[in-house]
Amino acid sequence: MLEHQTQSNLEKVVTYLGQGLDSETLYGIEDYIKSVIQDGGYTVKFLNSCFTGFAGVRTKKQVIICSPQSMSLGDFIYTIFHELRHEEQMTILKMENPLSDMDLENFEKLSEHYWNMEMDADKTAKENVAKMVIDLKIPIELAKKHFKLSPHIENYQMASNMIKSHLKGLVTDITKMKKDGLEYSDIQDHPIVKKHLDKLENFI
C-alpha cells in the first residue's frame, strides 16, 4: 500500500490554478518551479492570507508568495520569478536595497533605483515564464489560455506613478519608525509584513 503524500503548497496552487491542464503538464510545471528554487538555493515561503499591497515580497531571509489562489496561473508563476529576481539583485548582483541601504531623504534617487529594479525583475520574470513554456514544450494555444498575464502585469511599465506613490508611503512609514526608535533593517520589520511572519508556511 502506497503512503499518502501531503501536497506541498506549490502543488496545491498549481493544481488549483491549472484546472484544464492535464496531470503531466501540471507535474512538469511543479517540477520546473521546484528545480529553479532548489538549484538556486532560494528560501521561499507561502502565506495564505495576503498583506495589503504585496502579491510577493523579498525580505532578507526569504521570498514570500502571498495569496496566490486569487491569481491566474500565469500571474502566479510570474510573481515567483519576479521575486526570485529581486533575490538575485540583492545577493548575486549586489545591488543596493533601496529601503535599507539608501538615503530615505533622497526620495527621487531612491525611487529611480527602485523602479529600475522593478523593471529588471519584470523583464526577467516574463522571459522566464516564456522559457518555462518553451522548455516544457507546452503547445502555444494552451500557453495563450493558461499563462496569459493580467493587464496590470502585462503593462507593468505603465505603473510607475502608482508604484512611486506606494513606495512613498513605505518610506514615510520607515522614516517614522526610525524616528520613534523602532527597529528597522529590512522590509520584514515593517508592520504590514512583520505581523504575518509567524503565519508563513513552506512553499515546496
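**Sheet, helix pair and core**

Good morning. Please keep in mind throughout that the model is predicted.

That pair belongs to the contact between two strands, β1 and β3, which pair in the parallel sense over 4 bridges. Strands of a sheet pair through backbone hydrogen bonds, either parallel or antiparallel. On β1 there is also a pairing with strand β4, residues 201-202, in the antiparallel sense and over 2 bridges. Here Phe46 has Glu201 of β4 as its bridge partner. Turning to β2, we find 3 bridges that join this strand to β3, and the two run antiparallel. Within that pairing, the bridge partner of Gly56 is Ile65 in β3.

In what order do the 4 strands of the open sheet lie? The order is β2-β3-β1-β4, and the pairing is mixed. The edge strands are β2, residues 56-58, and β4, each of which pairs on one side only.

I now move to the helices. Two packed helices are described by the angle between their axes and the distance between the axes. For helix α2, residues 23-40, and helix α3, residues 73-91, the angle is about 10° and the axes are 11 Å apart. As an angle under 35 degrees counts as roughly parallel, α2 is therefore roughly parallel to α3. On the α2 side, the contact is made by Ile29, Tyr32, Ile33, Val36 and Ile37, while α3 contributes Leu73, Ile77, Ile80, Phe81 and Leu84. By class, this contact has 10 nonpolar residues, with no polar and no charged ones.

Two of these names, Ile29 and Ile77, return in the largest nonpolar core, where they are among the residues with the most contacts, together with Phe76, Phe147 and Phe203. The core has 56 residues. Elements that give two or more residues to this core include α1, α2, β1, β3 and α3. Which element gives the most to the core? It is α4, with 8 residues.

Leaving aside neighbours within four places in sequence, Phe147 is in contact with Ile29, Leu73, Gly74, Ile77, Met132, Val133, Ile138 and Leu142.

Lastly, consider Arg85, which lies in helix α3. Is Arg85 buried or exposed? Its relative accessibility is 17%, and buried means under 20%, so Arg85 counts as buried. Leaving aside neighbours within four places in sequence, Arg85 is in contact with Leu93, Asp120, Ala121 and Thr124. Thank you.

Conventions. Residues numbered from 1 in each chain as written. Predicted model: local features only at pLDDT ≥ 70, side-chain atom pairs only at ≥ 80, totals over all residues. Heavy atoms only, no water. Axes fitted to C-alpha atoms, helices over the stretch in contact; angles between N-to-C directions. Parallel < 35°, antiparallel > 145°, perpendicular 65-115°, else oblique. Contact = heavy atoms within 4.5 Å. Nonpolar A, V, L, I, M, F, W, Y, C, P; charged D, E, K, R; others polar. Core = buried A, V, L, I, M, F, W, Y, C linked by side-chain atoms within 4.5 Å. Buried < 20%, exposed > 50% of the residue type's maximum accessible area, 1.4 Å probe, protein only. Pairing = 2+ DSSP bridges.
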